[in-house]
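Q: I am new to this structure. Can you show me how to read some of its features, one at a time?

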Amino acid sequence: MKKVLSVALALAMSLTLLAGCGGGGTSTPASTAGGDSTPAVDTGAIEEGAKLVYWPMWAETEPQGMVIAEAIEAFTKATGVEVEVNFAGSRDTRKTLQPALDAGETVDVFDEDIERVNITWGDYLLDIQEMYDASELNGAQNATLISLAKELGGGTLKSVPYQPSTFVVMYNKDLFEAAGITAVPTTWDEFLAACEALKQQGVYALTIDDAYMAAFFGYMMDRVAGFETTKAVAGGDFTNEAVLKTAEAIQTLVDNGYIDPRAAGNVYPQGQSNIADESVAMYLNGTWLPNEIRNQTKEGFRWGSFALPNIAEGGDGAESNNYGAQCFAINKNTQYPNAAFALVQWLTSGEWDQKLADETMGVPMANDATWPEALTDAKAVIDNTTQRLSWAVDMENDANVNAAIKTNLALMISGQLGAQGFADAFGKTQKGA
């Protein structure tokens with residue numbers, strides 16, 4: 001599926017947009033679905049005796065899990081609806097949810113990545129378009145994420161996003177300033193110059209963990225050869241000249257000492273830890289990074305972010321980025337669709353939308369909510385994105401492609417393999433083997 005959005009749609013991402021009119025119905029006291037207000041839900045529509053079972057993607061001890069648990073407790077007090085929360089642990093839902101749904105277990109609401117929810121589990125989702133249109137969420141939330149959820153839902157809304165994110169170069173502003181870098185790079189030459197300035201200060205410019213090597217390679221190829229070529233390579237065109245060109249761009253980073261050599265053996269999250277200890281300045285990663293290492297960074301750590309620049313003619317530039325979110329979805333077999341939607345609305349609006357952003361250094365959904373300081377720069381990247389890249393630009397879609405990148409990129413970083421050697425090895429990848 002091609003996920004290329006128009007300029008007008010991308011500009012709708014800006015949180016400066018005015019909130020639209022809400023729908024009808026009887027709501028708990030609230031003036032808006034955003035900000036710090038009490039979430040507005042249609043209590044009059046909730047089924048009598050409704051009880052819900054919710055399967056979260058988060059562990060009980062994670063910041064997201066703790067905020068959601070608190071929000072659900074408040075929801076029960078406000079509505080009388082009991083909610084059983086099945087804390088399977090972070091991301092264990094990827095293994096356990098499908099069998100539970102297939103077996104007909106009671107699962108009323110669940111959440112996960114926007115593409116996984118709508119594509120992997122799309123057959124189980126309740127169409128909530130009419131409920132959403134009639135609710136106070138309509139017009140009050142991030143328009144681009146709602147449009148993306150609708151697109152992935154086959155043209156109708158089957159999930160409500162939360163915690164938007166984008167994949168950008170996250171960097172340490174203090175290290176940039178110490179190296180004399182006064183502006184973020186907007187061209188490949190400027191990027192290389194920034195790497196050299198950091199190197200002269202005794203700091204590695206870049207790092208990678210094994211978990212993100214395929215995403216790094218996919219993004220680099222997008223900047224070298226463009227979205228369609230990169231997807232074609234990921235889909236089986238393993239000897240395409242773009243592989244060698246991308247490997248040559250990476251070799252430039254390796255040969256000049258810009259990539260931390262420890263990255264060759266980094267097992268997630270070691271590279272992130274090296275960002276936290278300030279031995280490395282940049283990481284091509286998600287806007288979730290500040291939250292993931294918040295307990296390791298010093299007080300006052302200053303985050304910045306920018307889009308990876310274009311590398312070669314024919315490649316994409318700062319306008320082309322992956323963005324997405326987690327999503328709440330409702331099982332089409334639920335006995336209590338109105339209660340389930342009320343819960344989703346509660347969790348994605350008002351004080352709980354804002355608190356989730358505040359407690360996780362994340363991005364809120366409401367147009368009138370406040371972004372965390374650590375991600376202020378990322379807002380500009382999202383606002384100026386006109387082409388949405390798939391996750392890792394499809395380089396994680398096939399396990400053999402992913403493995404080939406991890407193995408051979410590690411060999412490149414360690415100096416055991418050059419660009420041609422990488423291209424030759426990658427060309428032997430057996431798709432689906």
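Q: Is Met361 buried or exposed?
A: The model here is predicted. Buried means under 20% relative accessible area. Met361 has a relative accessible area of 18%, so Met361 is buried. Its place is in the loop between H15 and H16.

Q: What is the phi of Met361?
A: Start with the general idea. Most residues other than glycine have a negative phi. Now the case: Met361 is not a glycine, yet its phi is positive, about 50°.

Q: Where does Ala392 lie, and what is its phi?
A: Ala392 lies in the loop between E10 and H17. Its phi is near 60°, a positive value in a residue other than glycine. Ala392 has a relative accessible area of 2%, so it is buried.

Q: Which residue follows H6 with a positive phi?
A: That residue is Gly154, with phi near 85°.

Q: Which residues of helix H6 are buried?
A: Helix H6 covers residues 143-152. Its buried residues are Thr144, Leu145, Ile146, Leu148, Ala149 and Leu152. Look at the start of H6 too. There, a side-chain oxygen of Asn142 reaches to within 3.2 Å of the backbone nitrogen of Thr144.

Q: How do I read a peptide bond, and what is omega from Tyr268 to Pro269?
A: The general idea first: most peptide bonds are trans. From Tyr268 to Pro269 the bond is cis, with omega near 10°. Pro269 lies in the loop between H11 and helix H12, residues 270-276.

Q: How do I read helix packing, and at what angle do H9 and H11 pack?
A: Read the angle and the distance between the axes. Helix H9 (residues 213-225) packs with H11 at an angle of about 110°, and their axes are 9 Å apart. Angles of 65 to 115 degrees count as roughly perpendicular. That is why H9 is roughly perpendicular to H11.

Q: Which residues make the contact of H9 with H11?
A: From H9 come Phe216, Phe217, Met220, Met221, Val224 and Ala225. From H11 come Ala242, Val243, Lys245, Thr246, Ala249, Ile250 and Leu253. By class, this contact has eleven nonpolar, one polar and one charged residues.

Q: At what angle do H11 and H17 pack?
A: Helix H11 (residues 241-255) and helix H17 (residues 399-413) pack at an angle of about 40°. Their axes are 9 Å apart. H11 contributes Ala247, Ile250, Gln251 and Val254 to the contact, and H17 contributes Leu409, Met412 and Ile413. By class, the contact has six nonpolar, one polar and no charged residues.

Q: Now strands. How many residues of strand E9 are buried?
A: Count the buried residues along the strand. In E9 (residues 323-330), eight of the eight are buried, so the strand is largely enclosed by the rest of the structure.

Q: What does the side chain of Gln387 contact?
A: Look for a polar partner. The side chain of Gln387 makes a polar contact with the side chain of Asp316, at 3.0 Å. Gln387 sits in strand E10, residues 387-388. With 14% relative accessibility, Gln387 counts as buried.

Q: What does the side chain of Ser349 reach?
A: A side chain can also reach backbone. The side chain of Ser349 reaches the backbone oxygen of Gln345 at 2.6 Å. Ser349 is in the loop between helix H14 (337-347) and helix H15 (350-360). At 0% relative accessibility, Ser349 counts as buried.

Q: How do I compare sequence and space, and how many residues separate Ile382 and Ile311?
A: Ile382 and Ile311 are 71 residues apart in sequence. In space they are 20 Å apart, C-alpha to C-alpha. Ile382 is found in helix H16, residues 376-383. At 3% relative accessibility, Ile382 counts as buried.

Terms used: Residues are numbered from 1 along each chain as its sequence is written. This is a predicted model: local features need pLDDT of at least 70, side-chain atom pairs count only at pLDDT 80 or more; totals for chains, interfaces and linings use all residues. Side-chain values use heavy atoms; hydrogens and water are left out. Buried means under 20% relative accessible area, exposed over 50%, partly exposed in between (1.4 Å probe, protein chains only). Helices (H or I, at least four residues) and strands (E, at least two) are DSSP runs, numbered from the N terminus. A polar contact is a pair of N or O atoms within 3.5 Å; within protein, one must be able to donate a hydrogen and the other to accept it, and residues adjacent in sequence count only if both atoms are side-chain atoms. Axes are lines fitted to C-alpha atoms, for helices over the stretch in contact, and angles run from 0 to 180 degrees between N-to-C directions. Contact means heavy atoms within 4.5 Å. Ala, Val, Leu, Ile, Met, Phe, Trp, Tyr, Cys and Pro count as nonpolar, Asp, Glu, Lys and Arg as charged, and the others, Gly among them, as polar. Angles under 35 degrees count as roughly parallel, over 145 as roughly antiparallel, 65 to 115 as roughly perpendicular and the rest as oblique.
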